[in-house]
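This report describes one predicted protein model, shown below. Please keep the structure in view while reading.

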Amino acid sequence: VCIHRVRSCSSIRFIKSKYVCVFDKSALKFSHQQRLFRTSAVSCGQIVQFKLSDIGEGITEVTVKEWYIKEGDTVSQFDSICEVQSDKASVTITSRYDGIIRKLHYSIDDIAFVGKPLVDIEIDASKGVASEEDVVETPPMSHEEHTHQEIKGHKTLATPAVRRLAMENNIKLSEVVGTGKDNRILKEDILNYLAKQTGAILPPSPKAEIAPPQRKAEAVLAAPKDKARKIPVPVSRPIEFAGKDKTEPVTGFQKAMVKTMSAALKIPHFGYSDEIDLTQLVQLREELKPLAEIRGVKLSFMPFFIKAASLGLLQYPILNASLDENCQNVTYKASHNIGVAMDTEQGLIVPNVKNVQVCSVFDIAVELNRLQSLGSAGQLGTSDLTGGTFTLSNIGTIGGTYAKPVILPPEVAIGALGKIQVLPRFNSKGEVFKAQIMNVSWSADHRIIDGATMARFSNLWKSYLENPASMLLDLK
Amino acid sequence: MVLQSLKNCLWLSCVLRTPKACFWSTASGGLIIQSVSNDVYQNLAVEDWIHDHMDLEKQQVLFLWRNSPAVVIGRHQNPWQECNLRLLRQKNIKLARRRSGGGTVYHDLGNINLTFFTTRKKYERMENLKLIVKALKALRPQLDVHVTDRYDILLDRQYKISGTAAKLGRTSAYHHCTLLCNADKFLLSSVLKSPFKGLKSNATPSVPALVKNLFEEDPSLTSEMLLDAIAKEYAVQHQIDHHITLINPADETLLPGISDKTKELQTWEWVYGKTPKFSVSTCLNMVYKDSILDVKVNMDVKHGRIEVCNIDLPEQWLPPGLYSELVKSLTGSKFCPNETTALVTTLLRVCPQDNELHTRWSLLCENIIRLM
């Protein structure tokens with residue numbers, strides 16, 4: 001007799017396996033109790049050897065390729081246990097029982113034999129019915145319907161999982177035709193019965209994470225026929241969220257980002273933001289877009305932003321510099337390799353356009369197209385992703401106006417561009433007009449860059465974009 | 001489960017090759033369906049869906065499909081071992097892992113796929129292949145085609161024109177096979193040749209074979225003709241009407257849950273992550289400043305991630321701190337060029353800014369990435 005079973009089964013059961021010890025003898029007095037419920041499982045805690053069933057086509061041996069469970073895992077009937085392969089056929093082996101896996105007879109790549117034990121499962125007879133918190137309240141009569149079926153004097157069998165399924169769906173077992181051994185009612189029989197009723201495709205039953213509230217809802221208040229036993233009234237409890245936290249190690253690219261951002265934290269950032277009126281640029285781009293398309297290039301605003309930044313860097317080269325580790329030396333980089341932040345499946349990657357100082361707006365557009373298509377295909381090379389000296393992040397394509405970008409070492413400055421919004425502004429005549437406004441938020445390394453420098457650079461950049469014709473004067 | 005209600009009201013609209021959103025035919029015994037999509041992931045998802053949701057007791061199903069260029073590896077295979085991944089990426093050829101066993105195949109529109117769905121009890125590959133041979137012979141009696149005991153179909157006793165694989169579940173099973181009509185043989189042989197050296201694994205290996213297109217044997221044959229002939233023979237053998245119902249694998253109302261299945265088949269975790277454990281043992285020959293460095297690399301890869309990583313560099317070639325940082329970062333990371341590129345370039349940001357160092361780092365990393 002399992003004493004362990006007594007302690008864990010605090011709920012009142014109407015059905016008792018012959019072998020489960022009785023903690024409340026009065027329960028046996030009820031009339032329906034005389035029909036003892038027999039399950040296919042034997043007493044609690046018995047180890048059953050689940051043998052590898054026939055694969056068909058006269059196959060006698062297979063190779064074990066993957067285990068879906070490990071020793072100690074709990075399985076339900078029909079859960080996948082492992083994947084085996086035999087001569088170009090991959091077979092999913094599912095469990096015939098509810099229980100706990102106690103032993104795996106094979107390792108990966110071992111040969112397994114049909115008819116020999118595959119796993120040992122400890123059958124848990126009473127597991128499928130109710131958990132500790134639930135109180136299974138059903139009038140004895142209806143419970144009887146759910147659990148027993150007498151056809152021509154034979155008792156009909158159904159496993160605890162099947163009984164629960166029937167109960168949850170208010171199905172009378174007597175109305176279900178059992179197709180298992182000895183007319184046993186299987187899970188499929190219940191599902192088939194349900195399908196016929198609703199005429200709907202049933203999705204595979206979800207894991208019982210949400211089971212507790214469901215069962216509570218279906219618990220029917222008992223008609224007090226069982227006087228000798230105290231039946232507590234079910235208390236309405238709020239639905240418990242059974243979601244679980246998931247912990248994963250930080251690996252690969254994420255790890256590298258952690259390192260980089262931690263290094264970035266050491267840089268004293270200061271921010272500077274401004275508003276740019278892009279009305280003229282929007283118009284200019286509309287005119288130039290078809291010309292670029294003829295040449296097979298998609299023209300966005302970025303090439304203009306990038307070229308204007310490079311022109312600004314010519315006047316304020318300290319923004320295109322790098323400070324060494326000990327803050328002893330500042331290196332002014334000759335090339336303007338302007339990085340463009342891209343959001344990919346990996347996360348944030350920053351390919352850069354090399355030598356913008358000698359590129360035309362069109363050249364930049366071509367290069368951007370190339371980087372963007374490689375980026376989305378996940379095929380950017382190391383040279384595309386290294387050597388950057390200054391970065392622009394167009395967060396506006398996703399949304400947002402103001403941002404506080406983080407400088408990417410070993411650079412000393414970064415700009416975040418918000419989305420372009422149509423807003424009312426006053427012109428020189430004092431009239432209100434529709435302006436295309438974009439916000440820019442710069443961050444710079446305050447150890448070598450001062451606010452005034454950043455502001456002047458930003459003003460110059462802004463003037464090029466607000467009046468694109470002025471770019472022509474300084475284009476190299 | 002069959003949609004009983006739809007069955008009743010939409011039966012009349014199911015006529016020959018109709019694209020209507022109903023393929024539940026009341027004709028018992030069998031059902032022939034054809035996919036309107038050429039996307040390998042969508043089509044594989046349809047197979048999964050039928051396998052998981054359809055009741056095959058009353059009717060068996062024949063599913064006809066074709067894919068735009070793709071390489072499909074078996075459930076327990078190793079993509080690095082089976083195909084030229086770099087070439088695939090260059091040519092934009094998709095890589096998919098199917099749920100059935102067997103070897104690697106190249107798909108394009110000149111290659112047709114046939115899936116025979118039955119209950120587990122009625123799973124019988126030979127019968128299906130004999131059906132195909134019968135259909136071919138009915139179409140072109142002079143064709144010398146026969147089924148081998150390895151479940152291949154051979155043309156002229158030497159050229160493989162069909163490969164087979166199967167999947168068995170608890171209650172249902174499917175057997176699918178290819179049929180070479182007019183595929184790009186040149187591309188086929190180049191993508192299915194892996195340049196990888198030093199790979200040790202217990203993954204199912206593919207058995208290479210001489211192939212030939214049926215089109216080469218008889219230029220009057222087209223994929224459509226072959227599909228039709230096979231469907232006709234299936235209809236005769238299952239005593240059903242020669243109806244082919246078209247289905248759209250993107251139709252969520254007809255196939256609820258199909259988009260999730262399609263997405264899952266495209267995840268890195270499925271395509272690469274399901275590779276059985278393998279080890280890489282190779283030597284990088286790096287050309288550096290007029291000399292060649294031999295760098296031994298050993299890696300153990302499990303679930304597509306680097307479990308153990310050893311790089312045998314000449315001492316002090318990289319500062320020790322940086323070297324250990326590289327090894328530490330690679331451990332646990334995906335055996336994937338994209339991920340590794342992003343990783344090493346990001347790590348470079350926190351290295352001392354030294355051109356020499358950067359050159360060495362880039363050289364080493366590029367060579368390692370080339371392995372993937």
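The side chains of R75(B) and E66(A) are joined by a polar contact of 3.0 Å. A polar contact is a pair of N or O atoms within 3.5 Å; within protein, one must be able to donate a hydrogen and the other to accept it, and residues adjacent in sequence count only if both atoms are side-chain atoms. R75(B) sits in the loop between β3 (70–73) and α3 (79–82) of chain B. Helices (H or I, at least four residues) and strands (E, at least two) are DSSP runs, numbered from the N terminus. With a relative accessible area of 3%, R75(B) is buried; buried means under 20% relative accessible area, exposed over 50%, and partly exposed in between (1.4 Å probe, protein chains only). When neighbours within four places in sequence are set aside, the contacts of R75(B) include E66(A), Y68(A), E83(A) and S90(A) in chain A, and also R97(B), W270(B) and K274(B) in chain B. Contact here means heavy atoms within 4.5 Å.

The model is predicted: local features need pLDDT of at least 70, side-chain atom pairs count only at pLDDT 80 or more, and totals for chains, interfaces and linings use all residues. Residues are numbered from 1 along each chain as its sequence is written, chains are lettered from A and ligands numbered from 1 in the order in which they are written, and side-chain values use heavy atoms, with hydrogens and water left out.

A second residue of interest is P405(A), located in the loop between β18 (390–393) and β19 (413–417) of chain A. P405(A) is also buried, at a relative accessible area of 11%. Apart from residues up to four places away in sequence, P405(A) touches H269(A), I414(A), A416(A), S441(A) and S443(A). The C-alpha atoms of P405(A) and L392(A) are 9.5 Å from each other, with the two residues 13 apart along the chain.

The two chains may be set side by side.

| Chain | Helices and strands |
|---|---|
| Chain A | twelve helices, 21 strands |

In chain A, 46% of the 476 residues count as buried; in chain B, buried residues make up 59% of 372. Of the contacts in chain A with a separation of 6 or more, 63% are between residues 24 or more positions apart. For chain B, 73% of the contacts between residues at least 6 apart in sequence join residues at least 24 apart.

UniProt, in an unreviewed entry, assigns "domain: Lipoyl-binding" to residues 47–122 of chain A. That span of chain A is 0% helix and 55% strand, and its end C-alpha atoms are 4 Å apart.

Which elements supply at least two residues each to the lining of the second largest cavity? They are α6 (252–264) and β16 (348–349) of chain A, together with α12 (337–348) of chain B. On a 1 Å grid over the protein atoms alone, a cavity is a set of points where a 1.4 Å probe fits but cannot get out, and lining residues have an atom within 4 Å of a point. α12(B) gives the most to this lining, with three residues. Among the lining residues are F253(A), M257(A), T345(B) and R349(B).

Key. On a 1 Å grid over the protein atoms alone, a cavity is a set of points where a 1.4 Å probe fits but cannot get out, and a pocket is an open set with protein on both sides within 12 Å along at least five of seven lines; lining residues have an atom within 4 Å of a point. UniProt positions are given in the numbering used here, feature names are shortened, and annotations may be inferred rather than shown by experiment.
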